[in-house]
Amino acid sequence: MAKYLLLKHYRGGPAPVTDVPMDQWTPEEVSAHVQYMRDFIARLESTGEFVDTQSLSPEGTFVRYDGEGRPPVTDGPFAETKDLIAGWLVIDVDGYERALELAGELSAAPGAGGKPIHEWLEVRPFMCELPTITD
Amino acid sequence: MDESLLRTLTPTVIGVLVRRGADFASAEDAVQDALVEAVRVWPDDLPGDPKGWLITVAWRKFLDAARADTSRRHREVRVEAEPVPGPGEAVDDTLQLYFLCAHPSLTPASAVALTLRAVGGLTTRQIARAYLVPEATMAQRISRAKRTVSSVRFNRPGNVVTVLRVLYLVFNEGHGGDVDPAAEAIRLCRRLFALTGEPEVAGLLALMLLHHARRASRTGPGGRLVPLAEQDRSRWDTHLIAEGVAILQAALAQDRLGEYQAQAAIAALHADAPSTSETDWVQIVEWYDELLLLTGSPVVRLNRAVAVGEADGPRAGLAALAEVSPDLPRYAAVRAYLLERTGDLERAAALYAEASRAATSVQERDHLTREAARVRQLLQT
């Protein structure tokens with residue numbers, strides 16, 4: 001088994017295939033999209049491949065240490081940040097092929113006009129734990 | 001086996017051990033161990049006196065742990081095997097436990113966890129699942145909390161307001177797993193009310209019951225959020241509503257108003273109405289005025305603007321909203337709602353979209369996105 005992170009981006013991926021913002025879909029299309037996501041997660045749970053999923057709010061801040069006794073420095077939020085993560089799904093699957101297959105399914109969630117949104121998802125393998133037998 | 005019986009007995013048994021001389025942290029550990037044993041043994045052999053059984057087993061666990069501890073430290077065993085029952089054993093110490101677990105030296109998250117374990121009798125695992133954190137994290141949080149309150153004297157009366165804040169958090173922010181935190185909060189609040197009779201405890205209990213009554217109608221297909229105006233009111237639990245209203249009325253009759261009673265009064269007016277349009281919004285605005293005097297909370301001011309919008313029209317609502325800081329979460333959503341009612345669909349749609357980006361939960365975000373989509377559709381027709 002291997003764990004993969006499926007990253008959703010608000011922006012920062014390759015050029016989107018469809019770019020109708022969600023608030024310009026019909027309410028039914030929004031509902032259908034949400035339902036597709038829920039069903040997808042439920043299916044992963046039933047196959048024993050689901051680990052975790054979270055959504056992130058779009059507002060973020062950069063923070064860094066600024067020396068002894070001083071409060072941390074903050075910077076942002078940046079409206080123009082190139083890469084903005086929207087959320088993630090962690091799966092535990094047989095291998096890379098399966099991770100790609102699942103990412104493809106997730107990317108086919110319906111959007112405006114009920115057609116797949118073809119959303120770009122970033123697939124990242126987790127660094128694994130050191131195996132017991134190393135030689 | 002009746003797990004709720006076990007949970008009900010938990011605080012009493014901890015109280016007995018503390019009265020016999022155990023420190024709170026060790027007593028709490030011993031009782032958890034005894035609960036685990038009860039879950040194992042009781043299904044085959046339910047004792048005639050469950051409380052007596054738990055006290056005996058918990059005390060033995062405490063002694064075993066104390067002995068192991070003292071022998072580790074090469075000290076002589078100071079705890080006698082046959083304890084002298086404390087004089088106050090007849091007194092129910094549950095109230096003291098409530099105060100201890102909500103002690104002001106604890107962070108809210110720690111107070112919530114400790115209350116659920118020591119007063120509620122939940123396991124660390126159950127609490128961890130309710131707050132979506134790993135079990136080891138929750139175990140640490142609880143043991144740190146116990147260390148924090150270890151020097152607090154057990155028989156010192158506390159402030160019931162701190163306890164209410166903790167129970168409110170349990171009700172509002174727990175998420176489930178195999179126990180229902182909302183139901184658990186109601187159970188603990190009910191018991192606290194029986195112990196104190198305070199009108200504000202009654203107020204919080206009524207508030208919880210009135211919100212719990214609407215629970216089934218608050219989510220639609222696919223877990224989607226259904227706002228009050230669209231809820232199927234035939235699905236509201238009329239027994240819970242009747243109980244909540246009765247408890248609230250008795251509390252209000254004592255003429256010692258507090259924020260929970262005022263919030264419950266607003267919930268009761270909603271529960272009482274057959275629809276949004278038949279709701280007594282004028283009275284709701286009056287209760288928000290009371291609540292504002294009691295709390296001065298900006299969130300109350302925001303909710304009041306919604307009520308003013310219903311009572312006196314959307315323009316009056318927008319005027320009331322002008323006194324609210326736009327930085328508040330949900331400000332944009334409220335403004336969008338009121339603007340839509342004035343007919344300004346263009347700005348309403350844009351604000352709903354803006355509100356969805358500022359939403360703090362997925363359900364709320366999806367709901368606001370749908371609202372933006374709905375208003376945009378109205379614009380196009």
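Reader: What makes a residue of chain B count as buried, and what share of the 381 residues does so?

Author: In this predicted model, 43% of the 381 residues of chain B count as buried. The label requires 20 or more other C-beta atoms within 10 Å of the residue's own.

Reader: Why is B:Arg330 called partly exposed?

Author: B:Arg330 has 19 C-beta neighbours inside 10 Å. Buried begins at 20 and exposed ends at 12, so a residue in between is partly exposed. B:Arg330 therefore counts as partly exposed. This residue lies in the loop between helix H16 (314–321) and H17 of chain B.

Reader: And what makes A:His118 partly exposed?

Author: A:His118 has 13 other C-beta atoms within 10 Å. Exposed means 12 or fewer, so A:His118 is partly exposed. A:His118 sits in the loop between helix H2 (96–107) and strand E6 (121–125) of chain A.

Reader: What is phi in A:His118, and what is it in B:Arg330?

Author: Phi is near 55° in A:His118, a positive value in a residue other than glycine. B:Arg330 is not a glycine either, and its phi is positive, about 80°. Most residues other than glycine have a negative phi.

Reader: Why are H15(B) and H17(B) called roughly parallel?

Author: Helix H15 (residues 298–312) and helix H17 (residues 331–342) of chain B pack at an angle of about 10°, with their axes 10 Å apart. Angles under 35 degrees count as roughly parallel, and H15(B) and H17(B) are therefore roughly parallel to each other.

Reader: Which residues make that contact?

Author: H15(B) contributes B:Leu302, B:Ala305, B:Val306 and B:Gly309, while H17(B) contributes B:Tyr331, B:Val334, B:Leu338 and B:Arg341. By class, there are 6 nonpolar, 1 polar and 1 charged residues. Gly counts as polar and Arg as charged.

Reader: How many residues are in the largest nonpolar core, and which have the most contacts inside it?

Author: The largest nonpolar core has 117 residues, and B:Leu17, B:Ala58 and B:Cys189 have the most contacts inside it. Leaving aside neighbours within four places in sequence, B:Cys189 is in contact with B:Leu167, B:Val201, B:Leu204, B:Leu205 and B:Met208. A second, separate core of 9 residues includes A:Tyr4 and A:Val93.

Reader: How many residues does each chain give to the contact between chains A and B, and which element of chain B gives the largest share?

Author: Chain B gives 17 residues and chain A gives 14. On the side of chain B, helix H18 (345–358) and helix H19 (362–380) each give two or more residues. The largest share, 9 residues, comes from H19(B). By class, this side of chain B has 5 nonpolar, 6 polar and 6 charged residues.

Notes. Residues numbered from 1 in each chain as written. Chains lettered and ligands numbered in written order. Predicted model: local features only at pLDDT ≥ 70, side-chain atom pairs only at ≥ 80, totals over all residues. Axes fitted to C-alpha atoms, helices over the stretch in contact; angles between N-to-C directions. Helix = DSSP H or I, 4+ residues; strand = E, 2+ residues; numbered from the N terminus. Parallel < 35°, antiparallel > 145°, perpendicular 65-115°, else oblique. Contact = placed C-beta atoms within 7 Å. Core = buried A, V, L, I, M, F, W, Y, C linked by C-beta atoms within 7 Å.
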